[in-house]
Amino acid sequence: MEAIFGRNIEEHPEPLQARVEGEIPSWMEGILLRNGPGMHTIGESRYNHWFDGMALLHSFTIKNGEVFYRSKYLRSDTYNCNIEANRIVVSEFGTMAYPDPCKNIFSKAFCYLSHTIPEFTDNCLINIMKNGDDFYATSEVNFIRKINPQTLETLEKVDYTKYVAINLATSHPHYDSAGNVLNMGTSIVDKGKTKYVIFKIPSTVPVSEKKKKKRLKHLEVMCTIPSRSLLHPSYYHSFGMSENYIIFVEQPFKLDILKMATAYIRGVNWASCLTFHKDDKTWIHLIDRRTKKVISTKYYADAMVLFHHVNAYEEDDHVIVDIISYTDNSLYHMFYLKNLDSQFESSVKLTSNPSCKRFVLPLQCDQDSEIGSNLVQLPSTTATALKEKDGSIYCQPETLCQGIELPRINYDYNGKKYRYIFATEVKWLPVPTQIVKFDILTKQRLQWEEEHCWPAEPVFVPSPNAKEEDEGIILSTIVTSDSQKLPFLLILDAKTFKEIARATVDVKLHLDLHGSFIPQKDLKTEHEGDLDREQE
């Protein structure tokens with residue numbers, strides 16, 4: 001396993017033609033663009049955690065039934081500094097970098113002071129964000145990096161703090177019907193307050209600014225939510241969105257700000273400043289997208305750890321929220337590279353299996369309702385919402401299924417009632433071995449698996465003029481743990497889950513995290529790309 005997790009992957013900036021078996025649908029044209037850690041050793045220094053590795057973008061371009069692969073490291077400031085020094089000199093979440101031991105005592109002291117309020121890395125290795133006709137590599141800090149999805153060239157560095165007061169941001173934004181980006185971030189101790197900020201980036205700019213294309217200048221703060229603790233804000237990786245509401249789950253998996261501020265001088269990484277408070281409550285906030293205000297009703301649930309929302313929608317004065325949750329925070333610890341040795345599959349186990357949970361939040365709370373009564377009036381779920389004496393509502397979920405992660409849906413159904421979840425199956429090990437289609441209505445599963453294959457997050461691409469939710473294809477990049485078996489792009493029929501085609505590449509693929517499919521119509525022409533580079 002260490003050979004897969006800890007290895008440095010060679011980049012392939014020029015397109016390599018893949019060998020296609022089967023037949024790719026004629027309508028299928030565009031780029032599957034993926035992001036994830038690809039370099040874990042620089043010189044004689046090595047990252048502690050798999051999530052810390054240098055961001056490696058890779059893509060499969062599909063056109064006329066052919067597939068071309070390319071990969072390129074994100075040329076972030078972090079990457080350039082590390083490569084120039086031939087050692088890790090920029091800290092990541094699980095790895096703290098220290099000054100050159102040859103530096104004098106004054107230089108070292110200055111470094112300690114400057115890390116009290118850390119300058120975060122721009123190693124944007126988690127996901128891809130679309131804004132208008134531009135694409136960005138993203139992570140969970142205040143930096144995003146604009147990229148060219150066709151050449152994988154790294155372009156502009158964008159600092160959110162120039163437009164909104166946040167230190168952290170999610171790498172899983174949402175998109176409304178107009179193509180605007182909705183996202184949220186945490187503002188740490190800004191003017192004596194720690195708060196969560198929900199903001200919108202427009203998909204277009206005023207005509208007078210067309211040449212500048214600075215959409216972020218028109219960023220709008222939609223709402224702020226004060227943290228329940230000034231120095232212990234909740235960690236979150238994603239959030240939910242229905243037709244009329246933003247859903248934010250404030251979980252008791254918290255970042256200790258004081259520990260974070262002193263981490264550098266104490267010789268520990270920032271990840272050690274995250275703590276799961278198993279005896280605390282999980283608070284669920286509903287933000288009305290029309291009024292831009294938080295709903296006054298207090299919804300809470302038992303302690304849990306949450307990384308990925310699946311979907312949310314409204315039905316008969318209820319908001320249904322589907323998430324993947326854990327009973328502890330063991331998932332992150334699994335990916336320390338010291339744990340990912342050759343005995344990984346037999347020695348490292350999750351202590352909490354991921355569960356797909358459905359929470360139901362009643363919007364109407366009758367003051368005359370009895371204390372302890374269930375306010376959920378939907379016959380289709382066993383989830384409950386019990387009225388408490390203080391007026392708050394205690395939500396207990398329905399378990400839809402067990403053992404799935406990296407959930408995706410047909411995004412045309414985002415915020416709407418839906419039926420199908422596409423995900424990877426995870427059974428006590430954090431590494432997926434199957435791709436799963438789960439039918440929420442029938443509770444039935446379809447799956448794809450093959451020996452020695454580790455599939456990435458499945459991406460759903462709808463067929464042209466699709467009339468049914470699962471009418472389309474599934475794309476997943478497959479890494480192989482057998483050195484004699486080449487990696488490939490897998491293409492499945494989303495309805496039947498039968499393999500349509502695969503595109504094999506004679507390269508070393510890295511395990512990636514997230515990404516998206518960009519249809520050909522959403523890609524700029526070569527001329528537009530040249531103009532962008534001139535503006536950079």
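**View 1. Side-chain contact between His-172 and His-237 in the predicted model**. The side chains of His-172 and His-237 are joined by a polar contact of 2.9 Å. His-172 lies in the loop that runs between strand 12 (168–169) and strand 13 (174–175), and it counts as buried because its relative accessibility, 16%, falls under the 20% cut-off.

**View 2. His-308 and its side-chain contact with His-237**. His-308 is placed in strand 24, which covers residues 305–314, and its side chain makes a polar contact of 3.3 Å with the side chain of His-237. With a relative accessibility of 9%, His-308 is under the 20% cut-off and therefore counts as buried.

**View 3. The annotated histidines as a set**. The unreviewed UniProt entry places the feature "binding site" at His-172, His-237, His-308 and His-514. These positions are spread over 343 residues of sequence, yet they cluster in space, with a largest C-alpha distance of 12.3 Å. From this set, His-237, His-308 and His-514 belong to the lining of the largest cavity.

Technical notes:
Residues numbered from 1 in each chain as written. Predicted model: local features only at pLDDT ≥ 70, side-chain atom pairs only at ≥ 80, totals over all residues. Heavy atoms only, no water. UniProt positions renumbered as here; feature names shortened; annotations may be inferred. 1 Å grid on protein atoms, 1.4 Å probe; cavity = no way out; pocket = protein on both sides within 12 Å on 5 of 7 lines; lining within 4 Å. Helix = DSSP H or I, 4+ residues; strand = E, 2+ residues; numbered from the N terminus. Buried < 20%, exposed > 50% of the residue type's maximum accessible area, 1.4 Å probe, protein only. Polar contact = N/O pair within 3.5 Å; in protein donor to acceptor, adjacent residues only side chain to side chain.
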